[in-house]
Amino acid sequence: MPVPAAEQPIGVVTGLTGERRVVEGVPGLLARCDGPGAEKAEAAARGLLEAGARALVSAGICGALDPALRPGDVILPTRVVNRHDDGESWLVDAAWHAAVMAAAPSGTAYNTGALLGSDRAVGSLSGKHHLAARTGAVAVDMESHAVARVAAEARVPFLVVRAVADTAGDTLPPWLAGVLNRDGSPNAAVAARRILLGPWRLPTLIRLARRNAAAEASLAEACRAVCPSGPGT
């Protein structure tokens, strides 16, 4: 694979606007968020390449499949596997991965286990346990497999940086559906209505918000190593 020119930006795909804001604060990274899910992630990745990105990163929060993972733990996988096709997987750029690992803050341990890409959210305990046993993946998200596919087709370096929000023991309640807009931004009006109709939901929302904040803080720290360690630098 040819080494891209270092003056070109590194393109970063996120599924949520909060993740994009985290990445936008890092020099050298060009972030794009078209919304959650594989289809929108693919469109975002292609758009970044058209804008001149020399490499692609899938960055954001993820759900743990490994019970040992806690909110805020960083996943820097060496491989992404497709939930919907057991024979399809992608390796990240090995040299870039090693450089980011070496740049990790002292005392920080990144998990390098496989990441599972899923077209659908995985919110139930049984679903998480089944996928962990079937695939061996340590965490799951809804965008990385799409970004990996685009990077492979374009023959550009690819990396994943994810931070755990919900653990393997967490259940994501169905009433959370609709709290996000199509573009990945939070829908405050829907969230407020859900709380008014069911005040008992408030503690769950507060817990999820705190875990998301921990994940985003870890993501910001990890992303700072992505550009200085990037291909062509």
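Okay, let's start with helix 7: its 22 residues should span 32 Å at 1.5 Å a residue, and its end C-alpha atoms are 31 Å apart, which agrees. The expected span here is 1.5 Å times one less than the number of residues. When I say helix or strand, I mean DSSP runs, H or I with at least four residues for helices and E with at least two for strands, numbered from the N terminus.

Before I go on, the ground rules. This is a predicted model, so local features need pLDDT of at least 70 and side-chain atom pairs count only at pLDDT 80 or more, while totals for chains, interfaces and linings use all residues. Residues are numbered from 1 along each chain as its sequence is written, and side-chain values use heavy atoms, with hydrogens and water left out.

How confident is the predictor? pLDDT is its confidence in each residue, from 0 to 100. The chain has a mean pLDDT of 89, and 93% of its residues reach 70 or more. Residues 1–5 are below 50, and that stretch has 9 contacts in the model beyond near neighbours in sequence. Where pLDDT is low, the predicted coordinates should not be read in detail.

Back to helix 7. Which of its residues are buried? They are Thr 204, Leu 205, Leu 208, Arg 211, Ala 215, Ser 218, Leu 219, Ala 220, Ala 222 and Cys 223. Buried means under 20% relative accessible area, exposed is over 50%, and partly exposed is in between, using a 1.4 Å probe and protein chains only. What do those buried residues pack against? Their partners are helix 1, strand 2 (29–33), strand 3 (55–64), strand 4 (74–75), strand 9 (158–166) and helix 6 (188–197). Contact, by the way, means heavy atoms within 4.5 Å.

Let's look at the helix 1 partner. Two packed helices are described by the angle between their axes and the distance between the axes. The axes are lines fitted to C-alpha atoms, for helices over the stretch in contact, and angles run from 0 to 180 degrees between N-to-C directions. Helix 1, residues 17–24, and helix 7, residues 202–223, have axes that come within 9 Å and cross at roughly 35°. The crossing is right-handed. On the helix 1 side we have Gly 18, Glu 19, Val 22 and Val 23, meeting Glu 216, Leu 219, Ala 220 and Cys 223 of helix 7. By class, that contact has 5 nonpolar, 1 polar and 2 charged residues. Nonpolar covers Ala, Val, Leu, Ile, Met, Phe, Trp, Tyr, Cys and Pro; charged is Asp, Glu, Lys and Arg; the others, Gly among them, are polar.

Ala 38, Ala 41, Glu 42, Ala 45, Arg 46 and Leu 49 from helix 2 meet His 145, Ala 146, Val 147, Val 150, Glu 153 and Ala 154 from helix 5. The classes there come to 8 nonpolar, 1 polar and 3 charged residues.

Arg 46 deserves a quick stop. Is it buried or partly exposed? Arg 46 is partly exposed, at 33% relative accessibility. Leaving aside neighbours within four places in sequence, Arg 46 is in contact with Val 150 and Glu 153.

Arg 155 counts as exposed because its relative accessibility is 54%.

Over to Trp 90, in strand 6 (residues 85–91). Trp 90 has a relative accessible area of 10%, so it is buried. Not counting residues up to four places away in sequence, Trp 90 touches a list including Val 80, His 145, Ala 148 and Ala 152. Trp 90 and Phe 158 are 68 residues apart in sequence, yet 9.2 Å apart in space, C-alpha to C-alpha.

Last one: Lys 128, found in helix 4 (residues 125–135). Buried or exposed? Lys 128 counts as buried because its relative accessibility is 0%. Beyond its neighbours within four places in sequence, the contacts of Lys 128 include Asp 166, Thr 167 and Asp 170.

Conventions:
Left-handed = near helix turned anticlockwise from the far one by under 90°. pLDDT = per-residue confidence, 0-100.
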